[in-house]
Amino acid sequence: MQLGMVGLGRMGGNMAERLLKGGHQVVGYTRDKEGVKRAVEKGAVGAYSLPELVEQLKPPRIVWLMIPAGNPVDESMQTLEPLLKKGDVIIDGGNSNYKDTIRRAAALKEKGFHFVDVGTSGGIWGLKEGYCMMIGGDGQVVKNLTPIFQTLAPAPDKGWGHVGPSGAGHFVKMVHNGIEYGLMQAYAEGFALMRSKAELSLDMRQIAEIWRYGSVVRSWLLDLTARALAKNPSLEGIAPHVSDSGEGRWTVVEAIELGCAIPVITLALEQRFRSRDTEPFGDKLLAVMREQFGGHAVKRTT
């Protein structure tokens, strides 16, 4: 099949390469000309504008967006709409908010376009291992796109599926990322606790390797943890600053709106916020409160 790939960053570029290896024709566009050049070197047809990309696609056109969530998606769609024809398909494979996806799908449907949301997981390993894809949209449209999904997935019948109507793919991916926060936090806390037991001289790298085989807590995430510890056992030079892409926040907000308790994911998100606070005012206030009511000494920084 032929499709246009908009956004050739690390993940988009790898997806384009996997599609090319699978025999698909890819027209690639990104604002970075070097990114287009790299795609061409892999076998893609290069485009240096969205009109040029659309012009090189045969109808019915398939345009896959792998760009940051929010305004970039809306702006790209606004540019694409006058260039496309009824029956053409736009796929959003990024981490868009599912509510935005529902809105976009409804607007495009009125104009005769199809919109498919693909929650995509796999990161930098997807080129080799394949991508996990949670897909939302019209069932027949998704079925027509099956060869693309089969090529990108770990196996033709594994790691991908049509999970529901428009928005469902991005909703499921949002929850997936929230679970990821909780898993990461649990591993981090467990290893921190073991490292704190200094008198046992535990080897974190060794324990991670032991747990990888036969353990109830074995996982791909643990495999990556072991890999990181093998390279840098003491994590020397790593700042204790953990960012978030936004999907964990959306997951927590959704849980609040639904009245659904997700304490582990919520606390994992809050811990990420805490990791970025180099001057925790709340902790300072706790210290002075103890001083005020009990005369407890306050540790000074100067």
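Is W64 buried or exposed? At 0% relative accessibility, W64 counts as buried (buried is under 20% relative accessible area, exposed over 50%, partly exposed in between, with a 1.4 Å probe and protein chains only). A word on the model before the views: it is predicted, local features need pLDDT of at least 70, side-chain atom pairs count only at pLDDT 80 or more, and totals for chains, interfaces and linings use all residues. Residues are numbered from 1 along each chain as its sequence is written, and side-chain values use heavy atoms, with hydrogens and water left out.

**View 1. The open sheet has 8 strands**. Their order is β3-β2-β1-β4-β5-β6-β7-β8, and the pairing is mixed. Strands here are DSSP runs of E, at least two residues, and helices are runs of H or I, at least four, numbered from the N terminus; two strands pair if DSSP finds at least two bridges between them. β3 (45-47) and β8 (160-164) stand at the edges with a single partner strand each, so one side of each has no neighbour in the sheet. On average, neighbouring strands are turned by 25° against each other, direction ignored (axes are lines fitted to C-alpha atoms, for helices over the stretch in contact, and angles run from 0 to 180 degrees between N-to-C directions).

**View 2. Helix α1 packs on the sheet**. Residues 10-21 make up this helix, which touches β1, β2, β4 (62-65) and β6 (114-121); contact means heavy atoms within 4.5 Å. The direction of α1 makes about 165° with that of β1. Look for Q2, whose bridge partner in β2 is Q25.

**View 3. W64 and F149 make an edge-to-face pair**. Their ring centres are 6.2 Å apart and their planes sit at 65° (rings of Phe, Tyr and Trp, the last by its six-membered ring, pair if their centres lie within 6.5 Å; planes under 30 degrees apart are stacked, over 60 edge-to-face, the rest tilted). W64 belongs to strand β4 and F149 to helix α8 (residues 146-152), 85 residues apart. F149 is also buried, at 0% relative accessibility. Ring pairs link W64, F149 and W160 into a cluster.

View 4. Y98 is in helix α5 (residues 98-110) and F171 in helix α9 (residues 168-196), so the pair ties together parts 73 residues apart in sequence. Y98 counts as buried at 14% relative accessibility, while F171 is partly exposed at 28%.
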